[in-house]
Amino acid sequence: MKILITGATGFIGRNAALRLLREGHIISVLVRNASKASFLKSAGAQLICKDITDKNLSDNIGMRDFDVIIHCAGLVQNCNYNKLYSVNVKGSENICRLALELGVKKLIYTSSVSVISGNDKPSLTDDLPYKASNLYGKSKMEAEKIVVGYRQKGLRIAILRPSMVYGENEPHLTNLLLTLMKYRLMPMPGNGAAKWHLVYIKNLVEVYSAAVKNDAYLDGTFLVADEEVLTVKEIFKIFSENIGGKMPYSLPDPITGFLRYVPYFGDKIRFFLKDRVYDTSRLRAAGCKMPHKAQDALKLTAKHWIKKRRN
């Protein structure tokens, strides 16, 4: 198939592009900076230098023929809302408009679990009402509403909601956690009892690959996470063992209770105390099976990180 991928220099987008290239698809990537995408060009992708926030996005693209668009581009920060709105909301609207103009067979949209993360439930499900807990989630929520509107206009759309993504070379949470753990600067609030339902990048791209081929993903939304749910303590244990470090020290409950209400520290403490569990039954019903177990994937991630630091 002829596939256009946005955000292909980002962590999710580049892994999706490389996987689909290996499968034999004809891949074009929409990038802002061609020099950052040279590795994709070397792998066989065609580069299209455009910005998703450009209202004239269809210029020089409108004459091209694509079967599928995979929209991975986005701003993954809890920062200025105007910037988040411009990239995540208006950018997604531009991509939907482009997909409709081009008459593509399918748009695969990368949403986020953050669009429902504000719901107070032990396990979050796809049918929960929109409720974000931060500015990033709010921007993704507004973007998904627009995407759903385009579905109602006749655009065939698969909406994927990945949980926190980890894996080799993940530049955000994975790198931060491993760096802090290496130097034992990471305390463990609540004795690490909180449950985290993460998604390994290679499991996530498995879902993108399936969504390209399988129309079962065109209805509703799909929470995407590994099959295994681990505690924070279990995750930290795997990381520490595989980077040659020590387990983070447990933060005593009285100190945890105090810090969770202290400005700046409070948000960070609460981050590690919150359960993040997702019902992925819709994903399984669509026939998708995750090829990698979370425990093995975390080991590979940690070993890759420490090897890269030593080289």
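**Exercise 1. State how many aromatic pairs the structure holds, and classify the pair Tyr81 and Tyr85.**

Solution. The structure holds eight aromatic pairs, a pair being rings of Phe, Tyr and Trp (its six-membered ring) whose centres lie within 6.5 Å. Planes under 30 degrees apart count as stacked, over 60 as edge-to-face and the rest as tilted. For Tyr81 and Tyr85, the ring centres are 6.1 Å apart and the planes stand at 50 degrees, so this pair is tilted. Both residues belong to helix H3 (residues 81–102), and because they are four residues apart there, about one helical turn separates them. Helices here are DSSP runs (H or I, at least four residues), numbered from the N terminus.

The model is predicted: local features need pLDDT of at least 70 and side-chain atom pairs pLDDT 80 or more, while totals for chains, interfaces and linings use all residues. Residues are numbered from 1 along each chain as its sequence is written, and side-chain values use heavy atoms, without hydrogens and water.

**Exercise 2. Describe the contact between domain 1 and domain 2.**

Solution. The domain assignment, automatic or from a database, gives domain 1 (2–162) and domain 2 (168–195 + 227–277 + 284–310). Six residues from each of domain 1 and domain 2 take part in the contact, defined by heavy atoms within 4.5 Å. The C-alpha centres of the two domains lie 27 Å apart. Between domain 1 and domain 2 there are zero salt bridges.

Notes
Salt bridge = Lys/Arg side-chain N within 4 Å of Asp/Glu carboxyl O. Helix = DSSP H or I, 4+ residues; strand = E, 2+ residues; numbered from the N terminus.
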